[in-house]
Amino acid sequence: MEKKRDVQWYPGHMAKAIRQIREQLKLVDLVIEVLDARIPRSSGNPEMDGIAQGKLRLIVLAKSDLSCPDVTRQWIKSYEHAGICAVAVDARSKKDIQTVVSRIMQLAEEKKERDARRGIRFRPVRALVAGIPNVGKSTLINSLSSRAVAKTGNKPGVTKGQQWIKSKRGYELLDTPGLLWPKFSDPIVGEHLAMIGTMPDDLELMPAQEMAEHIIRYGLEAWPETLSEQYGIVPTMNVQEMLDAVAQSIHAVKSGGDPDHDKAARVLIDRFRKGQLGKVSLEECE
């Protein structure tokens, strides 16, 4: 059996951010964890259960426009079965954002009733927004606050510090840096995080051609017609033949005339992440 690649990335600012989050917890009523709908299991920080203990909790499955709807619905059912409020979101959809707002206000009402029973004067709900790098936290926060206050970018590591953001709707949001954890217990977690772009590609934690092979193997199950029509890839090909086919289709050729496998792999990865090959759900809900 092939040994799984050990993909790890944990820069120093993440350890600092975890400490800062724990310091802020006493001010927080609600923990909003943003997961990637394509990999809910791998994008869930195992430390979050401890961080969110005793707090109201909301899971947002972001980038749901890129995931398989049926699989995403199963994930939502599983969270709700565990007693955790969950919602799937395309952060560009006003309807989806309104759904998140409704869930926050619903949880805020629960807090208000709980405070009233304790004789505590109600104040606006304060929510910690956490998630892995490049999952769309800042885009979600900007949508929830109705203004561009959090930095966004289609690469990991854009948010480096923490900031409180007030919403016109009456709640406050704490934006936090994208967080990973020091050691992935399962090598597949690292592979999945690398494939969707959680970690910077320039670190080369997972070589582009190897990542492209994983994408093709997945695609032969999920959208074989797309691979066949766009690139001429069929299951009987070996890896080199598959990359030859991709390189030929995008006219990626080295100076000597040989197929440029690396360029072909990077183009395939980019199209995969943007959903241009088809919907992606790398993790089924058990």
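Is His251 buried or exposed? At 67% relative accessibility, His251 counts as exposed, where buried means under 20% relative accessible area, exposed over 50% and partly exposed in between, with a 1.4 Å probe and protein chains only. This is a predicted model, in which local features need pLDDT of at least 70 and side-chain atom pairs count only at pLDDT 80 or more, while totals for chains, interfaces and linings use all residues. Residues are numbered from 1 along each chain as its sequence is written, and side-chain values use heavy atoms, leaving out hydrogens and water.

**Positive phi in loops**

- His251, which is not a glycine, has a positive phi of about 60°, and His251 lies in the loop between helix H9 (239-249) and helix H10 (261-273); helices (H or I, at least four residues) and strands (E, at least two) are DSSP runs, numbered from the N terminus.
- Lys63 also is not a glycine and has a positive phi of about 60°, and its place is in the loop between strand S2 (56-62) and helix H3 (69-81).

**Gln209 and its surroundings**

- Gln209 belongs to helix H7 (residues 208-222) and, at 30% relative accessibility, counts as partly exposed.
- Not counting residues up to four places away in sequence, Gln209 touches Leu243, His261, Asp262 and Ala265, contact meaning heavy atoms within 4.5 Å.
- Although Gln209 and Asp262 are 53 residues apart in sequence, they are 6.1 Å apart in space, C-alpha to C-alpha.

**Where H7 meets H9**

- In H7, the residues Gln209, Ala212, Glu213, Ile216, Arg217 and Leu220 meet Val239, Met242 and Leu243 in H9.
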